[in-house]
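User: I would like a close look at a single part of this model, followed by an account of how that part relates to its surroundings.

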Amino acid sequence: MRIILLGPPGSGKGTQAQLLVQRYGIVQLSTGEMLRAAVAAGTPVGLPAQDIMASGALVPDEVVISIISDRLDQPDMKNGFILDGFPRTVPQAAALDDLLKKKHIKLDAVVELRVNESALLNRVETRVAEMRARGEEVRIDDTPEVLSKRLASYRTLTEPLIHYYSERRKLLTVDGMMTIEHVTREINRILAAIGAVEPKAAAPKRAEMAARKTAKPVAKKAAKTAGKPTRAAAKAGKVASKGSKKAKKTARKTGKKAGRTIAKRGAKKASKKVTKRRAKR
Ligand code: AMP
């Protein structure tokens, strides 16, 4: 499985990436983590990145592209990977397309965690409080002021990627406002729907089932994806997330369209048969 997790800071990308790593034994490639490690080690990449990161701005595209390119060449990539925090700009996405093409790697999907921005600040505050309670060091860019800047940069530089990947039929959107367990389940479900993972591997584990039994139902049965999920609809990335009416509608439309195409093809075949039979006579 090779996927990109897309979402603003605080949307839960890191948490979901770790859960996917545990479940599927793939590697998480987080440019933020790699850059923090470079800063801590005082490498030539880390030193200039330090101030940029502390301010909430993005480090130059060429820096992260070269980090990712090197990382994709490592042998542990063969089972698959999750890109978390990369790409973050359209030029980074275009560079990634080139890299993957050159390295003969196929991207399965881009999973977007859609969240309500006003809730993000609360999430970050909670995360900081929890980290402090555990005695962990809090990230320098985890303050409300820096978060606002990171959100602004997400909106202007990263959000265009939603359109970029949607046009390339890679985008799958999940409602990131659900509980962690529900988001995980939804991600697993859509990854199974597009064939990126075995349905068996994506099925909820016992612990998750137990957690779900005690949890309140959040929404009705997920997006009756594309009426009956045709491969075309699933592949088109129209697997709607729970509660996303628009996505559901689009998915149904795509499903119908696919159905229509199949029906048309069927009709053509039938008429060809008739013509053949007539010719025989
Ligand atoms: P993250 O842990 O993904 O929130 O990233 C932390 C910081 O690292 C960001 O605010 C940026 O300064 C920098 N960074 C991480 N990934 C990228 C990227 N793909 N492009 C540019 N800067 C990045």
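How many residues does helix 7 have, and what distance does helix 7 reach from its first C-alpha to its last?

Analyst: This is a predicted model, and what follows should be read with that in mind. Helix 7 covers residues 144–158, which makes 15 residues, and the distance from its first C-alpha to its last is 19 Å, close to the 21 Å expected at 1.5 Å a residue. Seen down the helix axis, the buried residues of helix 7 fall within an arc of 165°, so they line one face of the helix. The buried residues are Val-146, Leu-147, Arg-150, Leu-151, Ser-153, Tyr-154 and Thr-158, whereas Glu-145 and Thr-156, on the other side of helix 7, are exposed.

Strand 1 pairs with strand 3 in the parallel sense over 4 bridges, and Ile-3 stands opposite Ile-82 of strand 3. Strand 3 also pairs in the parallel sense with strand 2 (residues 27–30), again over 4 bridges, with Phe-81 of strand 3 as the bridge partner of Val-27. Within strand 3 (residues 81–84), Phe-81 and Leu-83 point one way and Ile-82 and Asp-84 the other, yet all of them are buried. In a regular strand the side chains alternate between the two faces of the sheet.

Leaving aside neighbours within four places in sequence, Tyr-165 is in contact with Ile-4, Pro-87, Ala-93, Leu-96, Leu-107, Val-110, Lys-170 and Leu-171. Both Tyr-164 and Tyr-165 are buried. A search of the whole structure finds 1 aromatic pair; the ring centres of Tyr-164 and Tyr-165 lie 5.0 Å apart with their planes at 80°, so this pair is edge-to-face.

Notes:
Residues are numbered from 1 along each chain as its sequence is written. This is a predicted model: local features need pLDDT of at least 70, side-chain atom pairs count only at pLDDT 80 or more; totals for chains, interfaces and linings use all residues. Side-chain values use heavy atoms; hydrogens and water are left out. Helices (H or I, at least four residues) and strands (E, at least two) are DSSP runs, numbered from the N terminus. The expected span of a helix is 1.5 Å times one less than its number of residues. Buried means under 20% relative accessible area, exposed over 50%, partly exposed in between (1.4 Å probe, protein chains only). The arc is that of the directions from the helix axis to the C-beta atoms. Two strands pair if DSSP finds at least two bridges between them. Contact means heavy atoms within 4.5 Å. Rings of Phe, Tyr and Trp (its six-membered ring) pair if their centres lie within 6.5 Å; planes under 30 degrees apart count as stacked, over 60 as edge-to-face and the rest as tilted.
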